[in-house]
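Dear colleague,

Please find below the structure that I am handing over to you. My notes on what was found in it follow.

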Amino acid sequence: MSKAVIHAIFDDEEPLMASAKSLHAQGVHIKDVFTPFPVHGLDAAIGVPRTRIAITAFIYGLTGASLATLMMWYMMISDWPTDIGGKPSFAYYMNMPAFIPITFESTVLCAAHGMVITYYLRCWMLPGVKAKNPDPRTTDDKFLMVIETKEENKGNIESMLKNGGATEIHHK
Amino acid sequence: MQHESEIREPLILGKKSYHEITEDIVRPIEGKASKYWYMLLTISIICFLWGIGCLAYTIGTGIGVWGSNNGVDWAFDITNFVWWIGIGHAGTLISAVLLLFRQKWRMAINRAAEAMTIFAVMCAAIFVLLHTGRPWLDYWLFPLPNQFGSLWVNFNSPLMWDVFAVSTYFSVSLVFWYTGLVPDFAMIRDRAAKPLAKKIYGIMSFGWGGSARHWHRFEEVSLVLAGLSTPLVFSVHSIVSTDFATSVVPGWHTTIFPPYFVAGAVFSGFAMVLTLLIIVRKIYNLENYITIKHIEYMNIVIIVTGSIVGVAYLTELFISWYSGVEYEQYAFLNRATGPYWWAYAAMMTCNVISPQLFWFKKLRTNLTFTFIMSIIVNIGMWFERFVIIVPTLCRTFLPSTWNMYSPSFVDWGIYTGTIGMFFTFFLLFTRYFPVIAQAELKSIVKSSGQEHKEKHAHGHAHAAHH
């Protein structure tokens, strides 16, 4: 059983959205859609699950807060407590108010950078990676839908795409 | 699709297709630079080089070449540091706070404003790194294991908080800016005709393709970064203000400083965005994207933050009188009537009185007036920092330490140099980077574009007629 890959190009987002919704409803697997800008609702229409990247940011943030706490406790309280300006370093909780700013900054630093690094790795976007869009016009004004299907369904899907407003259809 | 009320003015003027937006944004990058661009770049580079010369002289000889002295030991360095870092705040406010508030007008200006933030923080960093006196030992600011028997940095000190705040702010702003740039670099890559440009933009675009999954993650990352940057930007200038507020110097030891500094920062930052964008929209013909409405919105932010700053000045005066502390009272009397009264007068005129003129719609929609005002505001905000620092330090508790301050040519040289550096980087940015976040802008054509709004309004009228 051979697989067919269809690239359908749309000129506007409304026909793209409508086609994506009707194809998805009929159980056609839309592998991906390449668009010049974020089309709201398209991710849900083709069944992209909600990203968990915000959860990773939260975990990185907690890590940052813990690392900052540990660092300041070790350096100011445990390793070499000093009395600076009449503010002795007896215990962590006593000095804690003065540690809040750096704890906060460290939380933000780790959450932001951790999340962004995760994002680039998860999307596999790195300097030197080959362009992922199959057609260069999709970063300008064209919308490209990639459909993977069985050879025998090809004709049916193509006519649905044409009726839905696709301006070009290519086979890969 | 999103719908926007007809009574809101369109954010994109004219009849623009997606392709036309691409063409408009990419024109300065693919076309030849105008002679004005070369002229401005030459002037900026000359200032920049003069600054590098003064910087080298300072490092080679020591900060004795500055005008700072025993009483006034903080002067131009910290004034300029606070001024630059304050300017930077508008970029984050536009890209993060306005994103959280879903203000669509941010999309035409956020890219340039964020670039401004990054360059301004770089300028600010030069002053803090230099004012330590021995900049080759600046790594001592970081909590590194050392040969002095594990003598650590002091985490109780606001100066230490500053190290963490400014470095976090710079790196997070840079990452936020770059993540937004990636799809636009991909657009330039995909249409580049010259192989070298294709190669360079290809590397910079990280292989972005605009997949629905990637856009989905992109939007989530932008939202979370905005959520993180919003408290970050408020924390940075609050922490900068604690450099003063946690001291026991009369005139500095005030709890009003953090909010007052943040408002002042946003105030001066928006003024700088206006200075830059009024020129950019003219030179690169972006009047359809950075419209008069955008300018007006920014001027409204200037009225709000300028008024907060004005109220803060008056509150400071009232509280110093009401406190009954004679040192506190003298500090403020000295600012207004002492040897630097002219700096105080300049600050009050530029920051309190002049922004109130923007209550007139005629004035806040006038480009020439706005441009002049944007420069006046930044002069005023520079004087604010000068007034807080120099007149205070030249008249402290012990009258025998009282002395005057005047900047040396090196002080002026380094300051001029940072202005040159800022404009050099900004001019290069406008030439090689997409000045407007075109991908985001394309997403609002159908809701905020003039053509679509008019069509929609007609549709309604038609329906009502029947």
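A crossing of two helices is called left-handed if the near helix is turned anticlockwise from the far one by less than a right angle, and right-handed if it is turned clockwise. Please note that the model is predicted.

In this sense, α5(B) passes α6(B) in a left-handed crossing. The residues that make the contact are B:Phe185, B:Ile188 and B:Arg189 on α5(B), and B:Lys198, B:Tyr201, B:Gly202 and B:Met204 on α6(B). Sorted by class, the contact of α5(B) with α6(B) comprises four nonpolar, one polar and two charged residues. Helix α5 of chain B spans residues 158-191 and helix α6 of chain B residues 195-204; their axes lie 8 Å apart, at an angle of about 155°. Because angles over 145 degrees count as roughly antiparallel, α5(B) is roughly antiparallel to α6(B).

In chain A, the crossing of α3(A) and α4(A) is right-handed. The axes of α3 (residues 53-79) and α4 (residues 92-122) of chain A come within 6 Å and cross at roughly 145°. The contact of α3(A) with α4(A) has 18 nonpolar and eleven polar residues, but no charged residues.

As to the two chains together, 53 residues of chain B are in contact with 56 residues of chain A. On the side of chain B that touches chain A, the elements giving two or more residues are α1 (18-30), α5, α6, α7 (212-245) and α15 (438-442) of chain B. The largest share of that side, 16 residues, comes from α7(B). By class, the side of chain B that touches chain A has 26 nonpolar, 18 polar and nine charged residues.

With kind regards

How values were computed
Residues numbered from 1 in each chain as written. Chains lettered and ligands numbered in written order. Predicted model: local features only at pLDDT ≥ 70, side-chain atom pairs only at ≥ 80, totals over all residues. Axes fitted to C-alpha atoms, helices over the stretch in contact; angles between N-to-C directions. Helix = DSSP H or I, 4+ residues; strand = E, 2+ residues; numbered from the N terminus. Parallel < 35°, antiparallel > 145°, perpendicular 65-115°, else oblique. Contact = placed C-beta atoms within 7 Å. Nonpolar A, V, L, I, M, F, W, Y, C, P; charged D, E, K, R; others polar.
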